[in-house]
Amino acid sequence: MISFGFSFSKNSVYLEMNKIKQQILEFTLDELKTALAQKGEKNFRAHQIFIWLHKKNAQSFDEMSNISKSLRDKLNQEFDISVLEISTVMKSQMDTTSKYLFKLQDGQHIESVYMKQEDGRVTLCVSTMVGCPIGCPYCATGLMGFRRNLTTAEIVNQLTYINSLEEQPVTNIVFMGMGEPFLNYDNVIKAAQMFNSPSGAEISARKITLSTCGIVPGIHRFTREDHKFKLAVSLNGTNDEQRNIMIPVNRKYSLKMLMQSLQKYTERSGQRVTFEYILVKNFNDSNEDAMRLKTLLGSIPCKLNIIPYNENNHCAFLAPDEDTLNKFIKKLYKAPFAVTVRRSKGQDIAAACGQLYAETKIAT
Ligand code: SF4
């Protein structure tokens, strides 16, 4: 591997082992300035290149028309600019959702979901891992098992690649694709900071949401570090018994520990938490569940998103019927927090919540 002599470590072992070039999307603006300075290039060059990468979504160095040919050649020799390759794009017939299946340099696959909302927002759901170690039984990704964490470049490239292809640029990011973001904390936070960068996509921190299934040490760290990104938590049950089934890591980080960590987060940040509640027929849809939700969330600044479960081929849970859903919502009437129903998009292309399973597409 040719190198600028600039070392950053987290992914370098993986890169060395695979004898591939460095991934330029790993570099923050400051890191890029340092790397290029070592080659005698001025800071403004690094700034120009960063803008090409993150604002203009360049997928090749040759697009960088204000960069000299000799520098472009050097960059080409030493860096990979795009670390993803498109395998498939599936467009929903039901709504405006597109699901991208990307091949990584080591042959593994991940998925990203691009959704145009009715109110003009364009949301990208990004993946943070290949597979996931948590193994939630309702989630197709969990069934893949854990393969590896994504690098920052592989996370960032999901946005730059899709923005380079779609007419309407992404306005909102949710870290709700394949993987548990707080188990790939450093790479995820770095990617979120790049999405937020004034020299990059410039997506406001309040339009970037990190979603966790309840990794309590990650929530503590997120609180300590005082990040401005939004926090969402998959709740999916109203007691430990239900959560132990829905989110197995609850056996390690109980509901009580989770709620205590979130209480601290809301106190320190002044922000509210979004709770995601996948409603499953005959499992967590009873009157008692609705009452317990009121008690559990009543003392914390939050909003509750109820997501009717999407049936998939990988799990035996059942979707709630409209009648059950409506009754459940009625029971939450006058709850001291906002309640919304979020219907997943892209169900016909398995792009909805809990349906991402990269190998499905590879096999067909
Ligand atoms: S729901 Fe999230 S945390 Fe659970 S297995 Fe799926 S990707 Fe992992």
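Analyst: One definition to begin with: helices (H or I, at least four residues) and strands (E, at least two) are DSSP runs, numbered from the N terminus. This is a predicted model, in which local features need pLDDT of at least 70 and side-chain atom pairs count only at pLDDT 80 or more, while totals for chains, interfaces and linings use all residues. Residues are numbered from 1 along each chain as its sequence is written, and side-chain values use heavy atoms, with hydrogens and water left out.

User: Ok. Which strand is Tyr-277 in?
Analyst: Tyr-277 belongs to strand S12, which covers residues 273–279.

User: Buried or exposed?
Analyst: Tyr-277 is buried, because its relative accessible area is 0%. Buried means under 20% relative accessible area, exposed means over 50%, and partly exposed is in between (1.4 Å probe, protein chains only).

User: And how far is Tyr-277 from Pro-308?
Analyst: From C-alpha to C-alpha they are 8.3 Å apart in space, and in sequence they are 31 residues apart.

User: Step back a bit. How many helices and strands does the protein have?
Analyst: There are 12 helices and 14 strands. The protein has 364 residues, and 55% of them count as buried.

User: What about contacts between residues at least 6 apart in sequence?
Analyst: Of those contacts, 65% join residues at least 24 apart. Contact here means heavy atoms within 4.5 Å.

User: Now the rings. How many aromatic pairs are there?
Analyst: A search of the whole structure gives 10 aromatic pairs. Rings of Phe, Tyr and Trp (its six-membered ring) pair if their centres lie within 6.5 Å; planes under 30 degrees apart count as stacked, over 60 as edge-to-face and the rest as tilted. One of the pairs is Phe-175 with Phe-195, which is tilted, at 6.1 Å centre to centre and 35° between the planes.

User: Where do those two sit in the chain?
Analyst: Phe-175 is in strand S9 (residues 172–175) and Phe-195 is in helix H6 (residues 185–196), so the pair links distant parts of the chain, 20 residues apart. Both Phe-175 and Phe-195 are buried.

User: What about Phe-182 and Phe-222?
Analyst: Phe-182 and Phe-222 also form a tilted pair, with 5.6 Å centre to centre and 45° between the planes. This pair too links distant parts of the chain: Phe-182 is in the loop between S9 and H6, and Phe-222 is in helix H7 (residues 216–224), 40 residues apart.

User: Why do Phe-182 and Phe-222 count as buried?
Analyst: Phe-182 is buried because its relative accessible area is 6%. Phe-222 counts as buried because its relative accessibility is 0%.

User: Which residues form a cluster with them?
Analyst: Phe-182, Tyr-185, Phe-222 and Tyr-265 make up one aromatic cluster.

User: What sits over the ring of Trp-52?
Analyst: The charged end of Lys-56 does, 4.0 Å from the ring centre. A charge sits over a ring if NZ of Lys or CZ of Arg is within 6 Å of the ring centre and within 35 degrees of the ring normal.

User: Changing topic. Which residues surround the ligand?
Analyst: Cys-132, Ile-134, Gly-135, Cys-136, Tyr-138, Cys-139, Gly-142 and Gly-179 surround the ligand. A residue is near a molecule or strand if one of its heavy atoms lies within 4 Å of it. This shell divides into 5 nonpolar, 3 polar and no charged residues. Ala, Val, Leu, Ile, Met, Phe, Trp, Tyr, Cys and Pro count as nonpolar, Asp, Glu, Lys and Arg as charged, and the others, Gly among them, as polar.

User: I see cysteines there. How many disulfides does the structure hold?
Analyst: The structure holds 0 disulfides, where a disulfide is a pair of cysteine sulfur atoms within 2.5 Å. Cys-132 is buried because its relative accessible area is 11%.

User: Where is Asn-184 found, and what is Asn-184 in contact with?
Analyst: Asn-184 is in the loop between S9 and H6. Leaving aside neighbours within four places in sequence, Asn-184 is in contact with Thr-128, Met-129, Asn-149, Leu-150 and Ile-155. Asn-184 counts as buried because its relative accessibility is 4%.

User: Last one. Is Lys-334 buried or exposed?
Analyst: Lys-334 is exposed, because its relative accessible area is 71%. Lys-334 lies in the loop between H11 and strand S14 (338–341), and has a positive phi of about 70° although it is not a glycine.
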